[in-house]
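Colleague: I would like to learn how to read helix packing and charge pairs in a model. Can we go through one together?

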Amino acid sequence: EIGIQILTELVQEMNTVESTRSIAKHRKVAGSFRDEMLYNIFTLSCTLLRQINIRDDQQHNLIGCLLKLSCSCLSFDFIGNSSDESSDDLSTVHIPTTWRPLFVDFSTLQLFFGLTHSLPPKLAASSVSCLVLLASTRRSLFGNSERGQYLEQLVKGVQGLLEASQPLTDPECYHEFCRLLVRLKSNYQLGELMKLEDYPQFIQLVAKFTITSLQSWQFSANSVYYLLCLWQRMVASVPFIRSQDTHLLNTYVPE
């Protein structure tokens with residue numbers, strides 16, 4: 001557990017611009033760390049998360065540390081952009097091409113969706129944070145067919161969480177899940193979502209979830225912003241959809 005904490009601190013430190021170091025120097029050091037160490041650290045974290053007994057309460061501290069490490073790896077400033085955190089929900093995660101195998105077989109996505117279902121809600125929030133970043137993976141990492149398949153896996157995972165609902169009982173987990181929904185729309189077009197076989201069920205579940213959230217806004221006051229952003233972006237995409245396609249927004253938006 002201490003070793004995982006040290007690795008997390010190392011990743012975060014490598015991702016932080018020190019006032020005593022020039023930006024050019026920082027980018028050189030961070031770029032070297034990204035190329036030589038970060039992939040191995042992330043794969044180690046994922047491997048341990050797969051191997052650990054999540055039903056053992058005594059392992060929950062270690063699981064929390066591993067999830068924090070995974071999140072730190074995925075939120076690394078891969079292209080030396082030093083983006084402002086205030087633009088958080090507009091950003092893309094620029095996963096290096098060398099990481100492609102971890103994404104095109106969907107095993108990493110499935111790992112974190114599985115953890116979200118299985119862990120106690122407070123721990124599951126950290127797993128959803130990782131899913132937010134996975135949903136923000138740059139589109140150019142995939143070929144055209146792969147991108148559609150990756151989106152399909154994301155939507156199936158989100159549907160599973162909406163149907164289970166249990167992980168969403170924790171306010172922090174709930175908040176992260178709302179961020180996941182809006183990131184999904186930010187990174188993918190409405191037309192791409194509509195091509196999915198599960199789209200009608202997906203949009204129905206999201207509409208039901210939104211209505212419930214608005215009815216109990218005291219519980220989810222900070223999260224409602226993300227849900228409103230999601231629907232605003234969905235509606236704004238309608239003019240770009242061919243009239244014969246069925247987006248179902250006319251059915252659910254008035255609700």
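Predicted model: local features only at pLDDT ≥ 70, side-chain atom pairs only at ≥ 80, totals over all residues.

Colleague: How are two packed helices described?

Modeller: By the angle between their axes and the distance between those axes. Here helix H1 (residues 2–14) packs on helix H3 (residues 60–74) at about 20°, with the axes 9 Å apart. Angles under 35 degrees count as roughly parallel, and H1 and H3 are therefore roughly parallel to each other. H1 passes H3 in a left-handed crossing.

Colleague: Which residues in H1 and H3 meet?

Modeller: H1 brings Ile4, Gln5, Leu7, Thr8, Val11 and Gln12, and H3 brings Leu62, Cys65, Leu66, Lys68, Leu69, Ser72 and Cys73. By class, that contact has 8 nonpolar, 4 polar and 1 charged residues.

Colleague: And the charge pairs: how many salt bridges are found in the whole structure?

Modeller: Side chains of opposite charge can pair when their charged atoms come close. A search of the whole structure gives 6 salt bridges. In one of them, arginine 100 pairs with glutamate 146, with the closest N and O atoms 2.7 Å apart. This pair links distant parts of the chain: arginine 100 lies in the loop between H3 and helix H4, glutamate 146 in helix H7, 46 residues apart.

Colleague: Where do arginine 179 and glutamate 176 sit?

Modeller: Both are in helix H8 (residues 171–187); being 3 residues apart, they are separated by about one helical turn.

Colleague: Are arginine 179 and glutamate 176 buried or exposed?

Modeller: Arginine 179 is buried, and glutamate 176 is buried too. Arginine 100, by contrast, is partly exposed, with a relative accessible area of 26%.

How values were computed. Residues numbered from 1 in each chain as written. Heavy atoms only, no water. Axes fitted to C-alpha atoms, helices over the stretch in contact; angles between N-to-C directions. Helix = DSSP H or I, 4+ residues; strand = E, 2+ residues; numbered from the N terminus. Parallel < 35°, antiparallel > 145°, perpendicular 65-115°, else oblique. Left-handed = near helix turned anticlockwise from the far one by under 90°. Contact = heavy atoms within 4.5 Å. Nonpolar A, V, L, I, M, F, W, Y, C, P; charged D, E, K, R; others polar. Salt bridge = Lys/Arg side-chain N within 4 Å of Asp/Glu carboxyl O. Buried < 20%, exposed > 50% of the residue type's maximum accessible area, 1.4 Å probe, protein only.
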